[in-house]
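Hi,

Here is the structure for your review. My notes follow below it.

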Amino acid sequence: MADRRALVITSPGLIGLQDAPELIPGPGEVVARPVHTGICGTDLELVAGVVDPAYVRYPLVPGHEWSGVIEAVGPGVTGLAPGQPVIAEGIIPDRVCAQCMQGHTNLCLTYDELGFTRAGAAADQVLVPAQVVHVLGGRVSLLDAVLAEPAAVAWRAIGRGQPRPGERIAVVGDGTLALITAHLLRLYSPAELIVCGQRPAQADLAAELGATGFDLTGPPPSRAGGRFDLVVEAAGTAVAVERALGLARRGGRVVLIGLAGNDVKAALPIDDVVNNDLLISASFAYTSAAWAEVSALLSSGQIRLSPLVTHRFPLEAYEQAYQVLRESFGPRGKVILDVNPDTPETAP
């Protein structure tokens, strides 16, 4: 491959397809061919130039959510080979800092992330360290696997909430992260799993992914048993955080995973939180352990995320894809760029 296509954000407000030289893996590296690449609200923020400059290096190739096939491996790489279907962590941990040594790779003291500080997967090729690559097993499709990144975010947060079978659980939000969170929570056999959203058009998606009910934002759902044992906030707004706190029962747990912006503040009803004996926690991104567990769930068929993909575009139609993401009309799950659509969806 003499040249490859890459979607490049040259600087805030300037985005377009460019030709780039073929990638060659160095020691400990892998070159993969992305088949599907997801886009999300953060990608829109990268184009707009509103992401904290400490976490971005322009020009950049976006694409931190992807699935694909290995094309080549560099010297010293073992256990990986061309043709294997793979996913890869976006955050590249150094594995030597104090946080990494404790397993907190999401808090690595050296920040480096695919699609932010290094070239992402909105391109015909992507270069990643072999240490973050996860080989998919079974017959999982690459379309299911493209959502591994948000699934790892959700899975790590769910672990903070410690769900137990038979509990009443609510997820606040109706976007991709919230719906994936609901899909994963169903694995814990809750007695009730309610998605509390704002867009009625998302109700069918929530049901397909395992929710037992869908409630529009408003008063707490008036269902038998009152409020919820566990509430996961996955919308990233002040209103969503306040609603999540109000939905938890006395002695309940609340987990926050939505990012609202540095200047956004939510009201904290201190007496209610204390009187209700709430346990509140937050979760940032994902760990390598969460990725490994999500990879296993995908490979075993315990989770199937492709029903959440509602819009697909070829790489060259990136402008249409970004516009769909901005507009949010009708049911909208995940917007995907089919980068190399001729690649088989499953391993032979």
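This is a predicted model; local features need pLDDT of at least 70, side-chain atom pairs count only at pLDDT 80 or more, and totals for chains, interfaces and linings use all residues. Residues are numbered from 1 along each chain as its sequence is written, and side-chain values use heavy atoms, without hydrogens and water.

First, the α4/α5 contact. Pro150, Ala151, Val153, Ala154, Trp155 and Ile158 of α4 meet Leu177, Ile180, Thr181, Leu184 and Leu185 of α5. Contact means heavy atoms within 4.5 Å. Helices (H or I, at least four residues) and strands (E, at least two) are DSSP runs, numbered from the N terminus. The contact residues split into 10 nonpolar, one polar and no charged. Nonpolar covers Ala, Val, Leu, Ile, Met, Phe, Trp, Tyr, Cys and Pro; charged covers Asp, Glu, Lys and Arg; the others, Gly among them, are polar.

The axes of α4 (148-161) and α5 (176-185) come within 9 Å and cross at roughly 60°. The crossing is right-handed (near helix turned clockwise from the far one by less than a right angle). Axes are lines fitted to C-alpha atoms over the stretch in contact, with angles from 0 to 180 degrees between N-to-C directions.

Next, α7 (238-247). Seven of its 10 residues are buried, so α7 is largely enclosed by the rest of the structure. Buried means under 20% relative accessible area (1.4 Å probe, protein chains only). Arg243 is one of the buried residues. Their cover includes β8, β9, β10, β11, β12 and β13.

Last, Thr287. This residue sits in the loop between β13 and α9. Thr287 is buried, at 9% relative accessibility.

Best wishes

Conventions: Buried < 20%, exposed > 50% of the residue type's maximum accessible area, 1.4 Å probe, protein only.
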